[in-house]
Amino acid sequence: MAKTLLRALAGEAVWPPPVWLMRQAGRYLPEYRATRAQAGGFIELCTTPALAREVTLQPLRRFGFDAAILFSDILLLPWALGQELRYAEGEGPLLQPIRDAAGLRALRPQAVATAIGPVLEVLRGLRVEVGGATLIGFAGAPFTVACYMVQGRGSKEWDQVRRMAWSDPALFTALIDLLTEQTIAYFCAQIEAGAEAVMLFDSWAGVLAPSLFRRHVIVPTARIVAAVRARHPQVPVIGFARQAGLMLAEFVGSTGVQGVGIDTSTDPGFAVREVPGLVAIQGNLDPLALAAGGAAMLRETDAILAAMRGRPFIFNLGHGIMPQTPLEHVAALVARVRAA
Ligand code: 1CP
């Protein structure tokens, strides 16, 4: 019998639905903090296959999730392209920003295959170890990766990025095109190394005006889905264009994704009306509701489940789990979903 998550992504209304959480391997787990300390730096953790495999499996051992997501980061691709990257304690990622054509030319696509080797090695060792869970590979979507590459650090407004997209569309589109080609190759390599599904994280898609959303979110995602499916027709792609808002139906319809992540701000009933019945919806409990726990969390979980009953669905959060989330809240959530 096929794995529950793959059945949902094939359009089946599996019930109770499969469940996993974005950023399920992370700081809320004491065993993650221990392995992270052992690795030294975050990039070292991602590129030491035995340690990255260990942290990928930690949330499965504790909670029995239906999916394991490769432990890596969306910024390993710019790093593999030769862009300087470091993870500063308490500050998040810092990159040497790309602001002009010379910055773009300095990237080294020919270096990616070697640099990314250890990440693929993580997947090769995992396929058997995940058992009945589905092994998910992932990448940042071109727009969200470009955000960090141009801005150089996290931001809420991404002013430098939006400015470049408007003022130098040829340069910005060249960066998006390069990332689109790299992401296609990266996804195919992940699948050949054992990933059974792939997810594209477009965390900052919601900052774009609709015209730019079409150009830099929908167009690249559609190209990635088409190219990956042409080579691996059996492997589903989950798209997550966070805060797509009213663009949700167009995103799903124009990209051809098999599953779509919905963020915390999306009404589940709206998503059910907007998303075709054979496309799996994934989401969308507020990570802060999970951190708070108790009756409010259970009520909200029940409401999401009620809205999604009878259609292909994967229970998840609306964004990544918060570091301060109590472990017993996660256990209570999984129990509630399994009892649906
Ligand atoms: O020191 C640490 O332990 C670093 C924290 C951390 C972790 C655990 C970072 C730095 N990345 C990750 C792992 C990670 N990142 C995973 C795999 C683990 C899992 O899901 O279980 C995944 C899928 C990501 C994806 C990712 N990284 C996204 C997209 C999803 C999202 O949350 O929006 C983004 C935007 C990033 C960038 C990034 N990397 C790390 C941080 C702290 C950030 C966010 C910075 C910001 O808010 O701008």
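A polar side-chain atom of Tyr32 lies 2.5 Å from an oxygen atom of the ligand, which makes a polar contact (a pair of N or O atoms within 3.5 Å; within protein, one must be able to donate a hydrogen and the other to accept it, and residues adjacent in sequence count only if both atoms are side-chain atoms). The model is predicted, so local features need pLDDT of at least 70 and side-chain atom pairs count only at pLDDT 80 or more, while totals for chains, interfaces and linings use all residues. Residues are numbered from 1 along each chain as its sequence is written, and side-chain values use heavy atoms, with hydrogens and water left out.

An N or O atom in the side chain of His319 is 2.7 Å from an oxygen atom of the ligand, and for Gln24 a backbone N or O atom lies 3.0 Å from a ligand oxygen. On its own the ligand has 890 Å² of accessible area, of which the protein covers 85% (Shrake-Rupley method with a 1.4 Å probe; for residues, only the protein chains shown count as cover).

The ligand is surrounded by 21 residues, and the closest are Tyr32, Arg36, Asp73, Tyr148 and Ser203; a residue is near if one of its heavy atoms lies within 4 Å of the molecule. This shell comprises 12 nonpolar, 5 polar and 4 charged residues, where Ala, Val, Leu, Ile, Met, Phe, Trp, Tyr, Cys and Pro count as nonpolar, Asp, Glu, Lys and Arg as charged, and the others, Gly among them, as polar.

Aromatic rings come next. The structure holds 11 aromatic pairs, counted for rings of Phe, Tyr and Trp (its six-membered ring) with centres within 6.5 Å; planes under 30 degrees apart count as stacked, over 60 as edge-to-face and the rest as tilted. In one of them, the ring centres of Phe42 and Tyr87 are 4.6 Å apart and the planes are at 65 degrees, so the pair is edge-to-face. Distant parts of the chain are linked by this pair, since Phe42 is in helix 3 (residues 42–46) and Tyr87 in strand 2 (residues 85–88), 45 residues apart. Helices (H or I, at least four residues) and strands (E, at least two) are DSSP runs, numbered from the N terminus.

The backbone has a few features to look at, too. Trp15 and Pro16 are joined by a cis peptide bond with omega about -5 degrees, and Pro16 is in the loop between helix 1 (4–9) and helix 2 (30–39). Arg23 is found in the loop between helix 1 and helix 2; phi of Arg23 is near 60 degrees, a positive value in a residue other than glycine.
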